[in-house]
Amino acid sequence: MFLYGRTRHYGDTMPAEATVADVESALRGVVDPELGADVVELGMVRDISIAEGVAAVGIALTIAACPMREQIESDVIRKVTALPGIDRTEVSVTAMTEKQRSDLMSVARRSAREQAAPTTVNPLTRVIAVGSGKGGVGKSSVTVNLAIALRRAGFKVGLLDADIWGFSTPRMLGVDARLEAGGDRKIIPARTSGIHLVSTGLLIDDEETALMWRGLMLSKAVEQFLHDVAWPSDIDYLLIDMPPGTGDVQMALARLLPQAEMVVVTTPQKAAQKVAARVADMARRSYLPVVGVIENMSGFTAEDGTHYELFGAGGGSELAADLGVPLIGQIPLDPLVVGGGDKGSPVVEDHPQSPSGAAFITAAARLIELVPPAEDETCTARIAVLMEQLEGRPPS
Ligand SMILES: Nc1ncnc2c1ncn2[C@@H]1O[C@H](COP(=O)(O)OP(=O)(O)O)[C@@H](O)[C@H]1O
Ligand SMILES: [Mg+2]
């Protein structure tokens with residue numbers, strides 16, 4: 001039997017070429033939206049094989065005509081193709097036999113009953129970690145503006161500031177509320193600009209407490225934010241502003257949130273691109289599929305229309321090509337980004353039509369295409385009927 005979460009342990013690394021076991025680990029990040037458990041745990045994964053860079057994965061669905069089929073298929077393809085050495089993934093879908101379905105139902109029921117979930121984040125919430133090799137490339141600005149753009153597109157958005165002592169999202173979103181605990185003693189995220197925000201910046205009041213946090217293991221703090229925070233269950237996207245560099249937070253995320261994926265931010269500079277590539281490599285080793293690259297500070301257009309490539313050009317697309325992932329967006333250098341961050345109102349909120357505002361909105365749209373929200377429309381009703389039948393009870 002598989003336990004909830006990952007079987008991989010802290011510090012494990014992945015070889016250059018993914019193995020069948022690696023594919024299986026990646027598939028633990030694919031959650032059946034209906035049953036709220038991953039496809040490996042549910043026994044939906046059939047034969048896995050790898051030959052010459054092509055991974056073949058068999059998936060048995062509860063019902064072949066399930067509307068979830070497309071989402072599960074595309075998730076499988078995305079997660080498996082993100083592994084090193086895999087260029088293409090072929091998914092063959094079959095329907096389960098009645099016996100297999102009843103086995104699956106008992107696994108699903110047991111997992112629902114045990115609720116051994118290590119976090120309060122709904123498995124259906126899409127989790128996008130925004131990372132970069134080093135500070136100052138605009139990771140937090142990108143996270144905050146993507147969050148607002150996703151909210152403007154009609155989604156419920158959460159933001160976890162995992163930059164535990166370098167936090168900047170409260171300032172960027174203009175919030176100075178303190179986090180409070182609810183009835184169940186779990187921390188309630190602050191609501192700001194329609195975003196559910198959690199950050200150490202909303203917990204600490206003075207330097208002394210800041211110092212206390214400094215002694216804390218980063219990954220432990222992030223674990224607490226995933227465990228002790230009452231993340232609303234209807235959040236479509238949870239964005240995570242990652243601390244620069246460190247691999248342990250990435251590993252903690254991969255372990256705690258199997259659905260987590262990563263967007264890598266870089267600048268057009270060659271140097272930045274190299275550091276970003278290291279981060280992407282670390283992400284892969286800890287099973288965070290890289291969704292794509294965002295190039296920030298890509299050029300500056302002066303008022304007279306002259307375009308200056310202050311930090312060089314091409315870093316984003318080169319990195320994306322190296323990683324075999326799409327370039328999700330290019331955000332120009334724009335004083336409005338700085339101004340928005342300083343006065344607590346991100347550029348996408350105040351100037352959605354400015355060049356940088358529009359670029360963020362386009363990037364968010366591309367991200368939604370690549371990582372579509374988990375669908376609401378499910379075959380739950382059908383499954384419920386099925387479960388009743390399996391238990392020999394008449395449907396209520
Ligand atoms: N596209 C941009 N144009 C102009 N300034 C930017 C842009 N992106 C970020 N900045 C500025 O660069 C600085 C660093 O950005 P920040 O988001 O804090 O980076 P990080 O989180 O990677 O350390 C901030 O002052 C921010 O306002
Ligand atoms: Mg930052």
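Visitor: Let's start with pairing: parallel or antiparallel, in which sense do β4 and β5 pair, and over how many bridges?

Guide: Two strands pair if DSSP finds at least two bridges between them. Here, β4 and β5 pair in the parallel sense, over 8 bridges. As an example of who faces whom, Val57 stands opposite Val91 in β5. Keep in mind that this is a predicted model, where local features need pLDDT of at least 70 and side-chain atom pairs count only at pLDDT 80 or more, while totals for chains, interfaces and linings use all residues. Residues are numbered from 1 along each chain as its sequence is written, chains are lettered from A and ligands numbered from 1 in the order in which they are written, and side-chain values use heavy atoms, with hydrogens and water left out.

Visitor: How many helices and strands does the protein have?

Guide: Helices (H or I, at least four residues) and strands (E, at least two) are DSSP runs, numbered from the N terminus. The protein has 14 helices and 17 strands.

Visitor: In which order do the strands of the 3-strand sheet lie?

Guide: The order is β3-β4-β5, in an open sheet with mixed pairing. β3 and β5 are at the edges, each with a single partner strand, so one side of each has no neighbour in the sheet. From one strand to the next, the twist averages 15 degrees. For angles, axes are lines fitted to C-alpha atoms (for helices over the stretch in contact), and angles run from 0 to 180 degrees between N-to-C directions. Helix α1 (residues 20–27) lies across β3 and β4 at about 135 degrees to β3. Helix α2 (residues 69–81) lies across β4 and β5 and runs at about 145 degrees to β5.

Visitor: Let's zoom in. Buried, partly exposed or exposed: how does Glu90 count?

Guide: Buried means under 20% relative accessible area, exposed over 50%, and partly exposed in between (1.4 Å probe, protein chains only). Glu90 is partly exposed, because its relative accessible area is 39%. Its place is in strand β5 (residues 88–95). Contact means heavy atoms within 4.5 Å; leaving aside neighbours within four places in sequence, Glu90 touches Val54, Ala55, Ala56 and Val57. Glu90 and Ile48 are 42 residues apart in sequence, yet 10.0 Å apart in space, C-alpha to C-alpha.

Visitor: And Ser345, why does that residue count as buried?

Guide: Ser345 counts as buried because its relative accessibility is 16%. Look for Ser345 in the loop between α11 (335–342) and α12 (347–350). A polar contact is a pair of N or O atoms within 3.5 Å; within protein, one must be able to donate a hydrogen and the other to accept it, and residues adjacent in sequence count only if both atoms are side-chain atoms. One of 2.9 Å joins the side chains of Ser345 and Asp350.

Visitor: What order do the strands take in the 8-strand sheet?

Guide: Read β10-β11-β7-β12-β6-β13-β14-β17, again an open sheet with mixed pairing. β10 (190–192) and β17 (327–331) are the edge strands, each with a single partner, so one side of each is left without a neighbour in the sheet. Neighbouring strands are turned by 25 degrees against each other on average, direction ignored. Within this sheet, strand β6 (residues 126–131) and strand β12 (residues 237–241) pair in the parallel sense over 5 bridges, with Val130 bridged to Asp241 in β12. Helix α10 (residues 315–323) packs on the sheet and touches β13 (260–266), β14 (290–296) and β17.

Visitor: Which residues are closest to ligand 1?

Guide: A residue is near a molecule or strand if one of its heavy atoms lies within 4 Å of it. 15 residues surround ligand 1, the closest being Gly136, Lys139, Ser140, Ser141 and Asp334. An oxygen atom of ligand 1 is 2.7 Å from a polar backbone atom of Gly136, and an oxygen atom of the ligand is 2.8 Å from one of Lys139. The protein covers 79% of the 560 Å² of accessible area that ligand 1 has on its own; such areas come from the Shrake-Rupley method with a 1.4 Å probe, and for residues only the protein chains shown count as cover.

Visitor: How much of the whole protein counts as buried?

Guide: Of its 396 residues, 53% do.
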